[in-house]
Amino acid sequence: MLFQPLTIGGLTLSNRIVIAPMCQYSAVDGCMTDWHMTHLGQLAQSGAGLLTIEATAVLPEGRITYADTGLYDDSTEAAMGRVLGALRRWSSMPVAIQLGHAGRKASQDLLWTGGRQIAPQHPHGWQAVAPSALGYDDGEALPHALNRSELAEIRKAFAAAACRAARLGIDAIQLHGAHGYLLHQFLSPLSNRRTDEYGGSLTHRMRFPLEIFDVVRAAFPADRPVSMRVSATDWIANGWQVEDTIAFALALEARGCAAIHVSSGGLHASQTIPVKPGYQVPLASMVKQAVQIPVVAVGLITEFDQAEAILREGDADLIGVARTILYDPRWPWRAAEHFGVQMEVSDQYLFAAPFGRTSLFRSRSGSEAMPT
């Protein structure tokens, strides 16, 4: 099943392996650099069904770090267009983008330097915003609680980024509603203590994320899918729970959401996550039982038979890989060999198949590999 095609909205994927978005902290003023050309270029040759560009901020203050990718002005659009142009010259793999806003988890340092919050007055820092003036962790500068006019500006920014993504020819959008970033902050009662129409009940806490979905869906071409990544649980008492996620997923499905990517955690410093192989798959399975749209499972899925079993047992429709494919960018090739499936590759790699296994690869352009 891992290599059966699947259609999401108007987009048909050649297989069920999707490359999840992975922050690279290598942009300059929101603009992609040569690192993104190298990083995304190798992944575009991996044989996966879909490549997702890392979390991309819709506003400068929505970046997680000062080195995050953005899509909020002509410069960031042009830089991304340069990278996409190179990818498309050599790969036919569909490309999605994850659009998001970091909210109170913005203005952080680079991951490999500790990832701690940078003070607003620091040259690399700025004032973070959130549903409520509640910090992610003790000792951090409190975020500014967003007012209605500021919420309207963020809605406009998401819509504008969706328009830019459409102009760039991006095939799909994933909205980042997980990992403790702004949309997740509105969803969870641990971070949303508002008393207006955007806080309180589950219906009110879902309102702003659903508004964001609606404006992005309206701004992006109807034949291209818009999906949502969610954290199915906060992994902390009295926080966002799986039952809430199911209600949110059903509301998204009713609005035309094409798929749900099920992750977890990231909202609160006190979370306790039972990390082990496939630890988030049961969460994806519960969501899948409630909705009709495709569900993506992700999180320590590293083995070929493990991925296949998730699909065959009906726990998910697609397998998300991130660290797995960073460690082994040819994971889909090796999975194809494991299951005896032929893999389409660029002509330059036709001769890379193991000795005596030339039938493993077929040419994207129609060329034939010479026997070895």
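**Figure 1. Gly320 is a buried glycine in a predicted model.** The relative accessibility of Gly320 is 3%, so the residue counts as buried. Gly320 belongs to strand 12. Strand 12 spans 318–321. Leaving out residues up to four places away in sequence, Gly320 touches Val18, Val296, Ala297 and Val298. Arg82 gives a reference point for distance: 238 residues separate Gly320 and Arg82 along the chain, and their C-alpha atoms are 26 Å apart.

**Figure 2. The largest pocket holds about 1300 Å³ of space.** Its lining is made up of 48 residues. Closest to the pocket centre are Tyr25, Leu111, His179, Tyr181 and Arg323. By class, the lining divides into 21 nonpolar, 20 polar and seven charged residues.

**Figure 3. Strand 12 and helix 9 both contribute to the lining of the largest pocket.** Strand 12 covers 318–321, and helix 9 covers 323–327. Each of these two elements supplies at least two lining residues. The largest share comes from helix 9, with three residues. Strand 12 is also the element in which Gly320 is found.

**Figure 4. The second largest pocket has a volume of about 270 Å³.** Its lining counts 17 residues. Ser14, Asn15, Gly47, Met343 and Glu344 lie closest to the centre of this pocket. The lining of the second largest pocket divides into seven nonpolar, seven polar and three charged residues.

Figure 5. The structure holds zero disulfides. A disulfide is a covalent bond between the sulfur atoms of two cysteines.

**Figure 6. Cys257 is buried and is in no disulfide.** What is the relative accessibility of Cys257? The value is 4%, so Cys257 counts as buried. From Cys257, the nearest cysteine sulfur is that of Cys163, 18 Å away.

Note on methods
Residues numbered from 1 in each chain as written. Predicted model: local features only at pLDDT ≥ 70, side-chain atom pairs only at ≥ 80, totals over all residues. Heavy atoms only, no water. 1 Å grid on protein atoms, 1.4 Å probe; cavity = no way out; pocket = protein on both sides within 12 Å on 5 of 7 lines; lining within 4 Å. Points joined across faces, edges and corners; volume = space filled by probe spheres on them. Helix = DSSP H or I, 4+ residues; strand = E, 2+ residues; numbered from the N terminus. Nonpolar A, V, L, I, M, F, W, Y, C, P; charged D, E, K, R; others polar. Disulfide = S-S within 2.5 Å. Buried < 20%, exposed > 50% of the residue type's maximum accessible area, 1.4 Å probe, protein only. Contact = heavy atoms within 4.5 Å.
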